[in-house]
Amino acid sequence: MGKRILYFLLTNILVLLTISIIFSITGAGNYINSQGGIDFGALLIFSAIIGFSGSFISLAMSRWIAKKMMNVRVLDPNQPLSAMEREVVEKVHRLSKAAGLMHMPEVGIYDSPEVNAFATGPSKKRSLVAVSTGLLREMDDDAVEGVIAHEVAHIANGDMVTMTLLQGVVNTFVVFLARIAAWIASRFVREDMAPIVHFIAVIVFQIVFSILGSLVVFAFSRYREFHADRGGADLAGKDKMVHALRMLKAYSNRVVEEQDTAVATLKISGKRKSPLFSTHPDLDDRINRLEER
């Protein structure tokens, strides 16, 4: 259920690169002093402007990007809906009111066999909760309510805004370090080639450092998932939240077993993703923490 984070990070990297290229081409934000060295104060200010601009633009686009990428069909409660669709809308609105949200999130469904759901949006006022058709098919009513409560808790906790502020700090360091590394690289080539090498090196180092910086964002995401689990338990009830996680675990295990059978000779599906590159903690850890409350 990490799509909101992955799309946010991907959008952030693309926006950051676009802003950086525009600044480089126009010559704005010059941080090279008259001696050909780096003015670190000017570079830090320049990096913060680009870094936070990139993260806030990504946040502003997050709901629109999610709808387009996942082909989300927004459910209008004032239009005719199927019984299942109306039940999803009712759950989201009821749990949102219980969470103290003054504005109801948009509710959407997207066609996918995977068991998934996500919440995104630039603010509590302009948020989106979307569930997959696979989740509605595979999970029972209590589990669906637990999953939706978890996503509503993300909105109530303001996790996307907090994530944006963290990403802004990470972006600042990415831009700052990428330009220092690019300046060093340009010192090893002829003077006439230095501007071209510097321009290319900035892009390369920025991509590399953005990927490394995403590890910090992933770690924060895992930390916030425990809070969203607790928030979901408060909204829907501890039993429903634990039940939802157990059903998700059972589904995940079944999918892995089916993949193992299909590609047994390749042995590629039995390995668990490295925790460093995961947006969510291990399901057993999440279940245990909830049961210990």
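**Figure 1. Phe40 is partly exposed, at a relative accessible area of 47%.** Buried means under 20% relative accessible area, exposed over 50%, and partly exposed in between, with a 1.4 Å probe and protein chains only. The model is predicted: local features need pLDDT of at least 70 and side-chain atom pairs pLDDT 80 or more, while totals for chains, interfaces and linings use all residues. Residues are numbered from 1 along each chain as its sequence is written, and side-chain values use heavy atoms, with hydrogens and water left out. Phe40 belongs to helix 2, residues 40-70. Helices (H or I, at least four residues) and strands (E, at least two) are DSSP runs, numbered from the N terminus. Leaving out residues up to four places away in sequence, Phe40 touches Phe176 and Ile180. Contact means heavy atoms within 4.5 Å. Phe40 and Ile180 are 140 residues apart in sequence, yet their C-alpha atoms are 9.1 Å apart in space.

**Figure 2. The whole protein has nine helices and four strands.** Along the sequence, the pattern reads α-α-β-α-β-β-β-α-α-α-α-α-α. The C-alpha atoms fill a box of roughly 70 × 50 × 35 Å along the principal axes. Of the 293 residues, 46% count as buried. Among contacts with a separation of 6 or more, 74% join residues 24 or more positions apart. The protein exposes about 14700 Å², and carbon and sulfur atoms supply 62% of that area. Accessible areas come from the Shrake-Rupley method with a 1.4 Å probe; for residues, only the protein chains shown count as cover.

**Figure 3. The largest nonpolar core holds 34 residues.** A nonpolar core is a set of buried Ala, Val, Leu, Ile, Met, Phe, Trp, Tyr and Cys residues joined through side-chain atoms within 4.5 Å. Val88, Val131, Leu135, Leu136, Met139 and Ile148 touch the most other members. Helix 5 gives this core its largest share, seven residues. A second, separate core has 13 residues, including Val15, Ile38, Leu43 and Ile180. In soluble globular proteins, nonpolar side chains tend to be buried together.

**Figure 4. His150 is buried, with a relative accessible area of 2%.** His150 lies in helix 5, residues 141-156. Neighbours within four places in sequence aside, His150 is in contact with Glu225, Ala228, Asp229, Gly232, Met241 and Arg286. Two of these contacts, Asp229 and Arg286, form a salt bridge, with the closest N and O atoms 2.8 Å apart. A salt bridge is a side-chain nitrogen of Lys or Arg within 4 Å of a carboxyl oxygen of Asp or Glu. The pair links distant parts of the chain: Asp229 is in helix 7, and Arg286 is in helix 9 (residues 283-291), 57 residues apart. Asp229 counts as buried, at 1% relative accessibility. Arg286 is also buried, with a relative accessible area of 4%.

**Figure 5. Arg63 and Glu106 form one of the 15 salt bridges in the structure.** Their closest N and O atoms are 3.5 Å apart. The pair links distant parts of the chain, with Arg63 in helix 2 and Glu106 in strand 2 (residues 106-110), 43 residues apart. Arg63 is buried, with a relative accessible area of 15%. Glu106 is partly exposed, at 26%.

**Figure 6. Glu90, Arg94, Asp142, Glu145 and Lys240 are linked in a network of salt bridges.** The side chains of Arg94 and Glu90 meet at 2.9 Å, N to O. Both residues lie in helix 3 (residues 83-98), four residues apart, about one turn of the helix. An α-helix has 3.6 residues a turn, so residues three or four places apart point the same way. Arg94 is partly exposed, at 35% relative accessibility. Glu90 is partly exposed too, at 39%.

**Figure 7. Helix 7 supplies the largest share of a nonpolar surface patch, six residues.** The patch is formed by Ile25, Ile184, Phe188, Val189, Met193, Ile196, Phe199, Ile200, Val204, Val208 and Leu212, with about 1000 Å² of accessible area together. Patches are made of residues with over 30% relative accessible area and no salt bridge; like charges are joined within 9 Å, and nonpolar side chains (Val, Leu, Ile, Met, Phe, Trp, Tyr) within 5 Å. Phe199 is in helix 7 and counts as partly exposed, at 30% relative accessibility. Helix 7 runs over residues 194-236. At 1.5 Å a residue, its 43 residues should span 63 Å, and the end C-alpha atoms are 60 Å apart, which agrees. The expected span is 1.5 Å times one less than the number of residues. Just after helix 7, Gly237 takes a positive phi of about 110°.
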